[in-house]
Amino acid sequence: MTSGESGELKRSIGPRQLSMIAIGGAIGTGLFFASGAAIAQAGPGGALLAYATMGLAVYCMMQSLGEMATQLPIPGSFEAYAERFVDPSLAFAVGWNYWFSWAITLAAELVAGALIVQFWFPHSDSSLWAMGFFAVLLALNLLSVKAYAEAEYWFAGIKVVTVIIFVAVGFLMIAGMIGNQNSGFHNWTLSDPKTGTHAPFVGGFTAMLGVFLVAGFAFQGTEGVGLAAAETADPVKNVPKAIRTVFWRLLLFYIGAIFVAGTLIAYTNPNLLNADESHIAYSPFTMILQQLPRVGYYAANLMNAVILSSVLSCGNSSMYVASRMLHAMAHSRKAPKLFGGLNRRGVPVLALLATGSVSALAFFSTLVGDKKIYQLLYNASSLTGFIIWLGIAVCHLRFRKAWVAQGRSVDELKFRSKFYPYGPWLALVLFLIVLFGANIGVFQTPVFSWFDFITDYLIIPVIIILYLGHKIVNKTHLVPLKDCNFDPD
């Protein structure tokens with residue numbers, strides 16, 4: 001193994017793989033399952049508007065990240081940008097938050113994979129399945145970054161093809177060209193006499209606020225492009241290309257899929273709220289495909305296989321981005337030096353094993369209940385994504401100010417973010433609203449749940465403690481604009 005000082009990450013990720021890494025990280029259970037609950041909660045119009053609004057915020061954030069990652073394709077990405085342009089203490093808090101977020105997301109995905117397999121093997125031991133999936137993902141990541149990227153390319157490809165087929169079939173059903181049960185747009189004007197609600201917008205702004213959270217979770221993972229930039233061939237050319245194409249593909253997939261689901265399934269259908277990893281038949285995708293003659297059984301099996309590949313894809317990405325963040329923090333002395341070492345193939349082995357040790361929590365899921373530990377892990381990891389996105393927006397605002405303050409022209413940037421400064425400010429405000437407001441329902445329930453409160457809000461004070469603790473110990477300060485470092489080495 002090379003030393004942490006001399007070892008360098010290898011630029012082995014090609015353009016096709018980079019685009020798929022960004023797409024694959026953002027198409028998962030948030031689309032296949034949570035979209036159904038979003039339609040039930042806010043109606044077809046509310047869900048569509050919430051996903052579109054969050055998509056706009058993510059687009060602005062990715063433009064900000066693209067400008068910085070193209071100019072400085074360095075290990076650590078937004079953690080390194082926080083140290084260079086804002087405050088080393090913010091970098092410390094952001095880096096550990098990101099590592100922990102994806103390490104426990106990996107654990108959550110292993111539990112989800114075990115739940116999904118029980119569709120075919122209902123009496124099997126979920127812990128053994130979690131261990132098996134973990135071994136496969138660890139092997140892929142230990143081989144080389146090229147092996148990880150190639151595996152992710154095919155994992156993501158399966159999801160992309162499935163969503164395209166679903167949207168195409170859905171539009172044909174809406175037009176009445178195949179199937180005839182739910183063609184047309186009557187579900188957009190549906191009323192529910194039991195609750196007094198009416199499509200397309202159900203539950204007003206409060207319901208949409210809750211869907212903002214679900215939509216944000218669904219888009220998380222796109223920022224992995226920033227970390228992958230350090231191992232991408234010709235990042236000046238390929239990072240902007242990935243940023244530009246990924247957004248439109250995601251928008252097409254998400255907006256198209258939710259439009260189809262909201263049009264063909266009534267928001268009053270109770271099964272929309274029952275969709276989870278152990279009830280594949282209630283995924284909006286399965287419910288719609290089952291409407292086609294003689295394909296219901298095959299549709300359920302096909303979707304189960306696709307969603308399993310989706311979960312493994314997310315786990316694959318989680319292991320990659322978490323280990324690269326830990327490796328980068330080791331080099332900037334925010335984590336133990338031993339995690340900065342690389343083997344001869346350019347893989348941070350000890351950082352990978354440390355990440356895997358956290359995911360081992362999934363192996364104990366049968367002790368406390370699969371669904372309970374999945375909820376705990378998933379809730380704990382979800383809000384951290386919004387904190388990362390907030391950090392990226394703040395870094396970009398400082399990045400651009402420092403660039404100008406040091407006498408550089410904006411025209412010299414290798415890639416310029418659209419809508420600056422309005423884009424990062426819009427993203428920042430929306431992410432703050434979601435971070436503090438989307439879980440407000442925990443205070444509105446008849447019986448207050450401490451479990452829900454802690455899993456919904458605990459990460460916020462933890463981040464503040466990390467930031468203030470590092471600042472007090474190291475006596476850090478806001479980096480002056482004139483001193484911000486634009487050196488790519």
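Author: Let us start with a term. A helix here is a DSSP run of type H or I with at least four residues, a strand is an E run of at least two, and both are numbered from the N terminus. By that rule, Val462 lies in helix α18, which covers residues 459-474. Keep in mind that this is a predicted model.

Now the whole chain, briefly. The protein has 18 helices and two strands. Of its 489 residues, 61% are buried. Take the contacts with a separation of 6 or more: 82% of them join residues 24 or more positions apart. The accessible surface comes to about 19,400 Å², and carbon and sulfur atoms hold 67% of it.

Find it in the loop between α12 (296-331) and α13 (349-359). Is Lys334 buried or exposed? Its relative accessible area is 8%. The cut-off for buried is under 20%, so Lys334 counts as buried.

What does Lys334 touch, leaving out residues up to four places away in sequence? The list is Glu79, Glu83, Pro88, Ala91, Phe92, Trp96 and Met329. Two glutamates are on that list, Glu79 and Glu83. Side chains of opposite charge can pair when their charged atoms come close.

Lys334 does pair. It forms a salt bridge with Glu83, and the closest N and O atoms are 2.2 Å apart. This pair links distant parts of the chain: Glu83 sits in helix α4 (residues 78-85), 251 residues from Lys334 in its loop. The two side chains also make a polar contact, again at 2.2 Å. The partners differ in cover. Lys334 is buried at 8%, whereas Glu83 is partly exposed at 28%.

How many salt bridges does the structure hold? There are five. One of them joins Glu67 and Arg400, with N to O at 2.7 Å. Glu67 lies in helix α3 (residues 34-71) and Arg400 in helix α15 (residues 370-405), so this pair ties together parts 333 residues apart in sequence. Glu67 is buried, with a relative accessible area of 0%. Arg400 counts as buried as well, at 8%.

Another salt bridge runs from Lys471 to Asp87, where the closest N and O atoms are 2.7 Å apart. Lys471 belongs to helix α18 and Asp87 to the loop between α4 and α5, so parts 384 residues apart in sequence are tied together. Asp87 is buried at 3%. Salt bridges that share partners also build a network: Glu79, Glu83 and Lys334 are joined into one.

Now a contrast with Lys334. Glu152 has its place in helix α7 (residues 145-174). It is buried yet has no salt bridge. The side chain of Glu152 does make a polar contact, with the side chain of Ser317 at 3.3 Å.

Ala207 is in helix α8 (residues 204-219). At 8% relative accessibility, Ala207 counts as buried. It touches Gln41, Ala42 and Val202, not counting residues up to four places away in sequence. Its C-alpha atom is 9.0 Å from that of Gly43, 164 residues apart along the chain.

Val462 is partly exposed, with a relative accessible area of 32%.

Key: Residues are numbered from 1 along each chain as its sequence is written. This is a predicted model: local features need pLDDT of at least 70, side-chain atom pairs count only at pLDDT 80 or more; totals for chains, interfaces and linings use all residues. Side-chain values use heavy atoms; hydrogens and water are left out. Buried means under 20% relative accessible area, exposed over 50%, partly exposed in between (1.4 Å probe, protein chains only). A polar contact is a pair of N or O atoms within 3.5 Å; within protein, one must be able to donate a hydrogen and the other to accept it, and residues adjacent in sequence count only if both atoms are side-chain atoms. Contact means heavy atoms within 4.5 Å. Lys and Arg count as positive and Asp and Glu as negative; His and the chain ends are not counted. A salt bridge is a side-chain nitrogen of Lys or Arg within 4 Å of a carboxyl oxygen of Asp or Glu. Accessible areas come from the Shrake-Rupley method with a 1.4 Å probe; for residues, only the protein chains shown count as cover.
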